[in-house]
Structures are given as C-alpha cells and as structure tokens.
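Subject: Structure handover

Hello,

Please find the structure below. My notes on it come after, written for someone who has not seen it before.

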Amino acid sequence: MEGEIRMSEFKGVWVFSENHELALELLSKGRELADKMQTQLTALLLGSNVQNLAQTLVQHGADKVVVVDKPQLKQYQAEPYLTALTTLAKQHSPDIILFGSTRFGKELAARLATRLETACVPDCTKLSLDNQGNLMAERIVYGGNAAATIRFHMKPQIATIPARTFEKPVPIWDRTGQIEFAEMAFEELKTEIVEIKQLEASQVKIEEARMVICGGRGVEKKEDFKMLDELAQLLGGQVGNTRPLAEDRKWFSEWVGLSGHKIKPTLYIGCGVSGVIQHVAGIRDSQIIVAINKDAEAPLCEVADYVIVGNLYDVIPALIEALKKELKTSSS
Amino acid sequence: MPKIIVCIKQAVDVTQIRADPSTRKLITADAPRKISDIDKNALEEAIRIKEKQGGEIIAVTIGDENAKTALREALAMGADKAYHLNDPAFQNTDTRVTSLILAEAVRKIGEFDLILCGETTIDSFTGITSQRVAERSGIPLIMYARKMNLESGVVVAEKVLEDRFETVKAKTPALITVVKGINEPRIPSLMAIMKASKKEIVVWNAEAMGIPKEKLVSALEIVEVLAPKMERKKIVIKGETPAEIAEKLVKALVQEGVVGR
Ligand SMILES: Cc1cc2nc3c(=O)[nH]c(=O)nc-3n(C[C@H](O)[C@H](O)[C@H](O)COP(=O)(O)OP(=O)(O)OC[C@H]3O[C@@H](n4cnc5c(N)ncnc54)[C@H](O)[C@@H]3O)c2cc1C
Ligand SMILES: Nc1ncnc2c1ncn2[C@@H]1O[C@H](COP(=O)(O)O)[C@@H](O)[C@H]1O
C-alpha cells in the first residue's frame, strides 16, 4: 500500500531525554535491546548548547548521536522538539524509541506517537523482547494494585521510563561513535511561556537519596518536619512527604508516590504515613521499609520490614538519640 | 460565552479492588466504578468558569452502559449536556484509539473554547490520552495546570513541573489538563441530582460517529495484570519505652547493613 511502511523496515533503538542523567540510564536498557536485536543504538541530543554532551552519550553506549542544537530548543516547548523528533523518526523509522518519563518527556512521547499513528506505553518499569522481537513492557496500573504486562503490535514502539528505573551504564572513555548534526525548519509554537518559577534544588533530587524519611499527615505542623530533617541529616538522607501535605496543606510542592517521585532508597522510614496503595507504589522497591505509626493496622505496617507502633512525637526523638549514640560508637 | 468540553472517564475504584491471593490476579470485573478523581477536578474547573462567565459545559465519556451513571453525576455537578460514546468496539482499546474517538467526538460537537481533562485516570494511569487528543485536534495543549484563567479567547495556566512552575499562555480553542490540587470538586445537592435527570445525554456508537471499525484496533495487547509481590519481614519492634524501641530498631538497621559503617 502506498505510504505504508512494512514492519520489517523499522530499524534501530533510539533514546531521548532532556534530562541528561536519565538519558544515560536509558542508554543502558537501550544497549541491551539493541544488542539482542543486533541493531544500532542512537541517542538523540536535542536542546540549545548541548552538543558538548554528545561524547558522553557515546561513552555510555550510543553507537550514534543525532544532535539538533538550536536556540529554538532552549526552553522546553513541545512544538520545536516535536518537529525534530517527527522529522528524524520519519526519515529513519526507528523500531523502538525510549523517552525519559519526565512530565515534558511524556508530553513529547504521546504527541510523537500520535503523529506517527503508533502505540505509546508510559512509565514502564521493565522492558524486554518477546521471541518475535516485539517489545514487552511492564507498568503499574490500578493505582498501584497491579502491574500489567503489555505487548506492542505497532511500530515504532514508543515507551517512557521513569528516572532510576535502570542503572546508568559504566562509561567506556575511549568508546567511539558517530556524531551527526541534523537541520530542520521548526514549526510554530502553539503556547507561550510567560513566567518560570524555579523550585529549590533540595526538593528535586529525592530519587537520588539513599535514605528517605517520609512524613505523612501524622506530622501535625510544618515546623515538626525539623525533627524529620534532623533524622535525615544523621542518616545522610533526605526528607520526603505524602501527597496530602503538598496538595491539601500546601507545605510542599512535590511528593513521594505513584503520581509523584518514585524512589528506591536503601532505607525508607514512613512517619505518620498510612501507606495507601498510591503511596506504597512509589516506595515499593526500597530495600528496607520502616513504619512508625500509632495505628498497628495502618496499611504501611503490612508492607514494612520493621514496624514501630507508637506516637511519632515520642519515637522520632528517641530514634535521633539512639542513632547519635550508635554513630558515635561506630566512628570511634 | 465559553463552551467547554470536559472528558471524563468512569474508572474502577482502585481502593475497592482486591487480588486473588493464590494467583495474584486482580478481581476487577465487579469492582465498583466512579468518575476518575481528577476528571472531577476538570469538571469543577469548568463549572467555576461558567459561574463567572456563563456558557455551556459538555461532558464526554467513552464507556459501556454503566458509564451513564458517571454522566448523570457530571450533569448533577453542573454539566449542561453529555455525550456517551458507547460501542463494543470502543472498549479495551489503547490511548491511540481512545484519543481518536474523543477527537472525533469533539470535531462533531463543533465549535468550543476549551477541552478540559484530568492529568491522569486512577485506574489505567497512563496520563497520555489528553496529549493525543490535543495533537489530533491540532490545538494548543497546556498540561498539569494547578491554576487557570480564561479571558477573551486567551487561557493562562500555571503548570506544575518537576522542578519548576511555568505560567503558560495559549489562544483558544485549547486543551488543558488539570492536577488534583487545582480545586475541591463540589458534591451535588439532591435538587441538582433531580434536575440532572432531565438533561440530555446523546449516545453515539461507531457508526453514528462514522468511525470505521478497522481504525479501532488496539496497537497494544495486555498480556497479564498481576498484583505485585510484596514480601516484607513485618517485624514489630516492641519495648517498654520509646528509647528502648529506638535502640532495637537502630540495632536491626545496623545488622541489615543500612546504618553505620
Ligand atoms: C490518583 C491518585 C494518586 C495519588 N498519588 C499519591 C502519591 O503519589 N503519593 C501519596 O503519598 N499519595 C497519593 N495519593 C493519595 C493517597 O491516596 C493517600 O490519600 C495519601 O497517601 C495519604 O497520606 P498520609 O499517609 O500522609 O495521610 P493519612 O492517610 O491520613 O495517614 C496518616 C497516618 O498517620 C498516622 N498518625 C497520625 N498521627 C500520628 C502520630 N502522632 N504518630 C504516629 N502516627 C500517626 C495515622 O494512624 C495514619 O495512618 C493519590 C491519590 C489518588 C486518588
Ligand atoms: N474513556 C474515556 N472517556 C473520556 N475521557 C477519557 C477517557 N479516558 C481518558 N480520558 C481523558 O483523558 C485523561 C487522561 O487519561 P489517561 O491517559 O487514561 O490517564 C483523563 O483524565 C480524561 O480526561
């Protein structure tokens, strides 16, 4: 049929994220898929003043980097990015495109998939190939109650992947690859950014924290988070919170959980957190989970390794003292 | 006066589903359903605009016979008219198909100022249907709005992103997705519920919409849906005093190798 491309004409694995760290993580899964399919791994590098990052993408596993480095891509506006993605995808017909599941990345992935009339599976936690070479994705559904395994039947196969799902590959400093520059005329913007308010950096990187002390509605006042902060500092970790503390009480702008930051720290301590499924879905992969709750029946206690049934206002200060003692003896 | 289309989905109430403990398979067949939480926020936002500026609110849903309940609730909250897109071929599809049906409905409904959607639905949790509708309709898209304002053909919204808030402007018609924090959806009064039973629900199937069946084939196959394994130790630490309990926990964490050296 005219204008139709046969399935076999799709070739290569592509990765893109405007978040460079996440792009590197995608390269590790991308490399594995490309090797299995005996095809090339391409990283797209889109942005303004970004070409200096091309080499690191090669060192982390890309066979090829396609660079579109233009001032029009300075702000994260969907339309010019979509021009670049659509133009390149139509020229080269990749088999698989992996996007980082940032909010911007999800917008781009879904809109690109629509332009290419293909499928898009967002927020995948696992990816593999079936024996026909179709992409299989796993993602969390039903508010965290289940994981769905989904098979693609249309190409390109587009998936988005949250931060910290895959480990960054070990770089090979003398790895070589092809770096290509692409040119195109950008489509018009449909929206205009009037103002940008940047948030404090500390709130942003909770995915990276090895220890997370999470406060829930059991914490009565915002000032009481000082207690959690102290605990976090002693452990070398960071403080997080549940969604109602952001949305209802407006103490924070972000939260931990299915619809917020998904984390997998070595240690998670939930303080006055009930552990409703949407929250638990975001902490499920933590190595050790501790629940501090005055209600022994709270759902978090069901999914914790260690449970303390008690008032957090008694337990946390005691825990701070006990930790101070322990850290003193272990350092002396 | 603005005409606002709100896309609502009748979702499975995820707090009411259970898995079969032996097979880990979810039991969703007879699980209760409700309007997906954030879609109610989208509807509430439309109602607030109408309260100030007048106009018309149209609720649209793709769903089976049961989904009529969701539309009745939307009408009771304050929608003026509803479209029920109901066809066996509309069920169990993917976002590519869902967005095609919604975009086609929007086109058939005619002129409008805004389409409002939820950020994501509580059951499928994809959060990508609305982008696809905007793209198919060729209109501006502003996602994750936690505040919005519509005035003389221009919509301004504040987007919540991971590390920043962006105030973004677009000309109407435009599609906006809202986050849960944007407002508190109202609970309709008995009076409103009674009145709603008189409002019109238009039912369209694939034929009425002129969508050929071959366009409704899903590009994705759900292979299985299983409850996750969650095997944890569940050790309850007991003691006479908080200090004693705290020390026991610290000792356990040291033994686990997560605290100390
Ligand atoms: C679509 C959707 C997505 C969502 N996504 C998320 C998400 O990503 N993240 C998220 O967190 N939530 C999310 N939620 C909200 C979620 O359903 C819960 O409402 C929320 O997680 C509950 O927060 P909480 O544990 O702080 O509060 P609560 O459920 O009110 O729990 C408070 C707990 O504190 C305990 N407590 C009270 N006082 C004390 C004390 N002095 N000492 C010790 N314990 C005490 C209580 O026993 C109780 O268990 C989502 C909801 C929806 C509908
Ligand atoms: N079946 C449906 N009927 C009407 N609107 C829908 C339907 N599915 C999704 N939507 C809209 O698209 C948004 C995002 O959905 P999702 O991609 O499923 O998270 C929802 O909040 C709704 O506004």
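This is a predicted model: local features need pLDDT of at least 70, side-chain atom pairs count only at pLDDT 80 or more; totals for chains, interfaces and linings use all residues.

Residues are numbered from 1 along each chain as its sequence is written, chains are lettered from A and ligands numbered from 1 in the order in which they are written, and side-chain values use heavy atoms, with hydrogens and water left out.

Confidence

For the complex, the predictor gives an ipTM of 0.89 and a pTM of 0.87. Chain B has an average pLDDT of 95, and 100% of its residues score at least 70; pLDDT is the predictor's confidence in each residue, from 0 to 100.

The chains

Chain A contains nine helices and 16 strands. Its radius of gyration, 22 Å, is close to the 20 Å that the globule rule gives for 332 residues, so chain A is as compact as a globular protein of that length. That radius is taken over C-alpha atoms, and the globule rule is 2.2 Å times the number of residues to the power 0.38. The C-alpha trace of chain A spans about 70 × 45 × 45 Å along its principal axes. Of the 332 residues in chain A, 61% are buried.

Chain B has seven helices and 15 strands. Its C-alpha atoms fill a box of roughly 70 × 40 × 40 Å along the principal axes. Of the 261 residues in chain B, 52% are buried.

Helices (H or I, at least four residues) and strands (E, at least two) are DSSP runs, numbered from the N terminus. Buried means under 20% relative accessible area, exposed over 50%, and partly exposed in between (1.4 Å probe, protein chains only).

Ligand 1

Ligand 1 has 28 residues around it, and A:R217, A:T242, A:S259, A:S274 and A:Q278 come nearest. A residue is near a molecule if one of its heavy atoms lies within 4 Å of it. Residues from chains A and B surround ligand 1, so the site is shared between chains. Within chain A, α6 (243-247), α7 (277-280) and α9 (312-331) each supply at least two residues of the shell.

Three polar contacts (pairs of N or O atoms within 3.5 Å; within protein, one must be able to donate a hydrogen and the other to accept it, and residues adjacent in sequence count only if both atoms are side-chain atoms) can be described here. An oxygen atom of ligand 1 lies 2.7 Å from a backbone N or O atom of A:R217. An oxygen atom of ligand 1 is also 3.3 Å from an N or O atom in the side chain of A:W255. A nitrogen atom of ligand 1 is 2.8 Å from a polar backbone atom of A:L312. Taken alone, ligand 1 exposes 980 Å², of which the protein buries 85%. Accessible areas come from the Shrake-Rupley method with a 1.4 Å probe, and for residues only the protein chains shown count as cover.

By class, the shell around ligand 1 has 10 nonpolar, 13 polar and five charged residues. Ala, Val, Leu, Ile, Met, Phe, Trp, Tyr, Cys and Pro count as nonpolar, Asp, Glu, Lys and Arg as charged, and the others, Gly among them, as polar.

Ligand 2

The shell of ligand 2 has 17 residues, the closest being B:C7, B:D39, B:T126, B:G127 and B:T129. Seven of the shell residues are nonpolar, eight polar and two charged.

An oxygen atom of ligand 2 is 2.5 Å from a side-chain N or O atom of B:T126. For B:T129, the distance from a side-chain N or O atom to an oxygen atom of ligand 2 is 2.6 Å. At B:G127, a polar backbone atom is 2.6 Å from an oxygen atom of ligand 2. Ligand 2 taken alone exposes 480 Å², and the protein buries 96% of that.

Backbone details

A:K155 and A:P156 are joined by a cis peptide bond, with omega about -5 degrees. A:P156 sits in the loop between β8 (146-152) and β9 (157-161) of chain A. In chain B, a cis peptide bond joins B:T172 and B:P173, with omega about -5 degrees.

Regards
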